[in-house]
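Please look through the sequence and the model below before reading on.

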Amino acid sequence: MARRTKEEAEETRQSILDAAERLFHDRGVSRTSLADIASAAGVTRGAIYWHFENKVDLFQAMLERLHLPLEELAQASESEDEPNPLGQTRELLTRLLRNLELDAQTRRIQEILQHKCEYTDDLGDLRQKMQALHLECDERIEKSLRNAVSKGQLPTDLDCRRATLCLHGYIHGLQANWLLAPGGDSLAAQAEPLVDALLDMLRCSHALRRR
């Protein structure tokens, strides 16, 4: 019985997240209330507060569903025991670009982040959490690059901080541009050569060397 209760609680949690994702995408984050989400999920507001502290907490849980499928690759690229960290980074970045076009949930959440997320006064905590997430992402990218340098896959004099800014901006820019005009070139089809072009820049650009 306890196991079934736990399963039911998880089903309710996922239903709430599904409803929030749909409403955030349709209306925008600031225009969606917890009461709206409860109604769409077929639960009470009390059920939402049982699982989530507030709308910001719910939003963050929605983002975690996006990141979890790729977490294994991210950890592998950072691990000192991984013999091919740059290969893991290549696979991770390629999947990020492909999933944006091919996976409906990934595309929906990225559209929320890019176009439906307004940092109004009642969502001030969300801005802080997104800034913290951005900084954490930079730290993990830099760790992966340093790991690749230590394995001889990138130049020993690579400025890993500058390279991190290039990599993060490059991938974010590709995602943002494609979301503005998704009917154009296939991002999934171009993912591998686009990532390879980025890695070639890390290997060969003199502007990314320490001075």
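## Domains

Domain bounds here come from an automatic or database domain assignment. That assignment divides the chain into domain 1 (6-54) and domain 2 (69-208), and the centres of domain 1 and domain 2, taken over C-alpha atoms, are 29 Å apart.

This is a predicted model, in which local features need pLDDT of at least 70 and side-chain atom pairs count only at pLDDT 80 or more, while totals for chains, interfaces and linings use all residues. Residues are numbered from 1 along each chain as its sequence is written, and side-chain values use heavy atoms, with hydrogens and water left out.

## Between the domains

Seven residues of domain 1 are in contact with ten residues of domain 2 (heavy atoms within 4.5 Å). The area buried between domain 1 and domain 2, meaning the accessible area (1.4 Å probe) that two parts lose on being put together, summed over both, is about 860 Å², and carbon and sulfur atoms give 53% of it. In domain 1, the residues that lose the most area to domain 2 are Glu-21, His-25 and Val-29, together 66% of what that side buries.

Two salt bridges are counted between domain 1 and domain 2, each being a side-chain nitrogen of Lys or Arg within 4 Å of a carboxyl oxygen of Asp or Glu. A salt bridge joins the side chains of Arg-31 and Glu-118 (3.3 Å, N to O).

## Cysteines

The structure holds zero disulfides (pairs of cysteine sulfur atoms within 2.5 Å). The sulfur of Cys-166 is 12 Å from the closest cysteine sulfur, in Cys-160, and therefore too far for a bond.
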